[in-house]
Amino acid sequence: MVTMFSLSKLPSATTILSTYSSLMAFMMLVRGIMNEAWSVVNQIIPQDLQTKILTKLGCLYCHPTSEVTLIIHEQNCHATNEMFEASEVYLRSKTTNPSLEKLIVSKQPREKNLTITIEKDQEIVDFFECIQVKWKLTNKKNDSGRDSKFFELSFHKQYKEKVIGTYLHYVLKRSKDIIEENRTLKLHSLGIYGDRDESGVWRSINLEHPATFDTLAMDTNIKKEVLEDLDRFVKRKEFYKKVGKPWKRGYLLYGPPGTGKSSFIAAMADYLKFNIYDLELTSIYSNTELRRLLLATKNRSMVVIEDIDCSVELKDRRSRHRANNGDQLTLSGLLNCIDGLWSSCGDERIIIFTTNYKDRLDPALLRPGRMDMHIHMSYCTPCGFKLLASNYLQIQNHPLFEEIEVLMKNVNVTPAKVAEELMKSDDAETSLEGLINFLQSKETDRKKSNAEVEEEEERETTNPKEGEGQKAGKGNKRTKKTKMTRKTNVIKYCINCDD
Ligand SMILES: Nc1ncnc2c1ncn2[C@@H]1O[C@H](COP(=O)(O)OP(=O)(O)OP(=O)(O)O)[C@@H](O)[C@H]1O
C-alpha cells in the first residue's frame with residue numbers, strides 16, 4: 001500500500017523533462033548574464049586593476065597552509081623539461097603583472113619584439129577560470145655544482161585537479177601559440193668545453209643564414225625532388241603512425257667543398273621552419289653523452305652532423321681526452337642512437353649528414369633505409385650559373401653567357417667560386433669577364449697537366465726501363481698528376497680545386 005502511494009506521488013517523465021529543460025535554460029541564462037557581466041567588467045576595469053583586486057581577494061581567501069606547490073625543473077633526467085620551457089614562454093606574456101618588481105629585458109638580432117622575462121625569486125600571480133595561481137622562478141646549485149633552475153607553482157589545494165588537469169595543458173598550448181606567433185629560427189650548438197656551465201649543453205642563437213631554395217644553384221630535378229620529399233614528409237604524421245615508423249627522415253649531402261651543402265641545410269630549415277641542432281661529433285666523447293644531447297633536441301628540428309667522414313674516426317681519442325669507462329663514442333653508438341632510442345622519441349625530426357667524400361664513409365651509414373635520400377651537390381652547371389648570375393647580377397641573359405657555359409662543361413668550378421667572381425664588380429660585364437678569365441686559366445692548367453701526363457705515358461711505352469726508373473724515383477708526383485687531371489677524380493683527390 002505504502003509503495004503504491006509513493007509511486008502515485010512520483011512526477012511523470014514529461015514533468016521531469018520539462019523541469020530539466022527549464023533548469024538548463026535558467027543555467028544558460030545565468031551563464032550568459034555572467035559572461036556579459038564579465039565582459040563589461042573587462043571593458044570598464046583595466047586588466048592591471050583586476051589583477052590587483054583579485055590578488056587582494058585571493059590573499060583573503062587563501063590560507064597559506066592550504067597551498068600546494070608544484071615544482072617544474074628545467075631538466076628532467078638530463079632531458080629538457082618541456083613544461084619548464086612552456087612555462088617560461090607563457091610567463092613572458094604575463095610580465096605586465098603588477099606584482100612584478102624586477103624584469104629582464106633583451107632583444108636578439110632579427111627578433112621582432114623585446115624579450116621580457118622574470119628575474120629569479122620574483123612572483124607572478126595568474127588567474128585561470130577564477131583560480132589564482134602563483135609562479136616563482138628559483139635556482140639552486142645541483143650536486144655537480146651547476147645552477148639548476150625550476151619554477152614553483154602554488155595554488156589552493158582544492159584546485160589541484162583543475163590545475164594539473166587543465167591549467168598546465170592550457171600553459172603548454174598557449175606557449176606553443178606564442179612561439180608560433182614570434183617564430184625565429186634557432187641554431188643550436190654545443191657549449192664550449194672548459195666553461196663548466198656551458199660544456200655539453202645546447203646553446204642557441206638566431207639562425208641568420210640567408211640561403212633559400214630560390215638562391216641555391218643546384219640541379220633543378222634534384223631540387224624539385226627534395227622539395228616534394230620534404231612536403232610529403234611534413235604531411236605524413238598519420239601515415240608514419242599507421243605504418244609504425246618513427247616520424248623522422250635522414251638525408252646525406254655529399255659533394256666537394258663550396259658546392260653549397262651548408263647553404264642547402266639553411267635553405268631546408270627556412271623552408272620547413274625547423275630549428276637546427278649542429279652536432280659537432282669531435283667534441284663528444286661518449287655514447288652516453290651523445291644520447292643525452294640527442295634526447296634534449298626538440299620536435300620540428302634538424303640534427304646536422306657535418307663532415308661525418310672526419311668525425312667518426314675517433315679511435316685514438318681515449319688516450320688524449322678524459323677517461324670514459326669504455327663508453328667511448330663510436331660509429332655504432334651513433335647509429336644505434338639514431339635508429340633506436342632517439343628516433344622513437346619525438347616527432348618531425350630530420351637528420352642530415354654531410355661529407356666531401358662519400359666513398360670514405362662506412363658502409364653502415366650508406367645502408368638502405370638509414371639515410372632516406374642521398375643528395376649530390378655538384379660543381380656548377382650552366383643552369384646553376386644562370387641562377388647565380390640572376391641572383392648576383394640581376395641579369396637573365398648576356399652575350400658572354402654562351403662562352404661561360406662552354407667553358408663550364410670542360411672545367412670543374414664550384415658555385416662558391418662562381419659566386420666569388422660575380423661579386424668582384426658592380427658592373428655585370430666586368431664580373432662575367434673576370435669569371436671567363438678564371439675559367440680559361442683553369443682550362444689552360446688542365447690541358448697543360450693532361451699533356452704532361454700523356455707525354456710521360458708515351459715515354460714509358462717507348463722506353464719502359466726509363467719509365468720504371470722514373471716511377472721509382474718520382475712515383476708520388478706522377479700518381480698525383482694523373483689523378484689531378486682526370487675530371488671525374490678531382491672530387492676525390494683535390495681538396496682546393498679552385499686554387
Ligand atoms: N649551390 C650553391 N648555390 C648558391 N650559392 C652557393 C652554392 N654553393 C656555394 N655557394 C656560395 O658559397 C658559400 C659557401 O658554400 P657552402 O658553405 O654552403 O658550401 P659547402 O659545400 O657547405 O662547403 P664545405 O664543404 O666547405 O662546408 C655560400 O655561402 C654561398 O654563398
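**Entry 1: the four-stranded sheet**

I looked up the open sheet in which 4 strands follow the order S1-S8-S7-S6, with antiparallel pairing. Strands here are DSSP runs of E with at least two residues, helices are runs of H or I with at least four, and both are numbered from the N terminus. Two strands pair if DSSP finds at least two bridges between them. I noted that S1 (67-73) and S6 (123-128) each have a single partner strand, so one side of each is left without a neighbour in the sheet. From one strand to the next, the twist averages 25°. Angles are taken between N-to-C directions, from 0 to 180 degrees, with axes fitted to C-alpha atoms, for helices over the stretch in contact.

The structure is a predicted model, in which local features need pLDDT of at least 70 and side-chain atom pairs count only at pLDDT 80 or more, while totals for chains, interfaces and linings use all residues. Residues are numbered from 1 along each chain as its sequence is written.

Between S1 and strand S8 (residues 147-156) I found 7 bridges. Leu70 stands opposite Leu153 in S8. Helix H4 (residues 82-92) packs on this sheet and touches S1, S6, strand S7 (131-141) and S8; contact requires C-beta atoms, placed from the backbone, within 7 Å. The direction of H4 makes about 105° with that of S1. Helix H5 (residues 160-181) also packs on the sheet, at about 75° to the direction of S7.

**Entry 2: the seven-stranded sheet**

I then examined an open sheet of 7 strands in the order S10-S9-S12-S13-S14-S11-S15, where the pairing is mixed. Its edge strands are S10 (202-206) and S15 (373-376). Strand S11 (residues 248-254) runs parallel to strand S14 (residues 349-355), and 7 bridges join them. Lys248 has Arg349 in S14 as its bridge partner.

**Entry 3: the ligand**

Which residues come nearest to the ligand? Of the 16 around it, they are Pro257, Gly260, Ser262, Pro415 and Ala416; a residue counts as near if its C-beta atom, placed from the backbone, lies within 6 Å. Helix H8 (261-272) and helix H17 (415-422) each supply at least two residues of the shell. Domain 2 (187-376) and domain 3 (383-493) both contribute to the shell, so the ligand lies between them; the domain bounds come from an automatic or database domain assignment.

**Entry 4: H15 and H17**

Finally, I recorded that the axes of helix H15 (residues 382-393) and H17 come within 10 Å and cross at roughly 35°.

Conventions
Contact = placed C-beta atoms within 7 Å.
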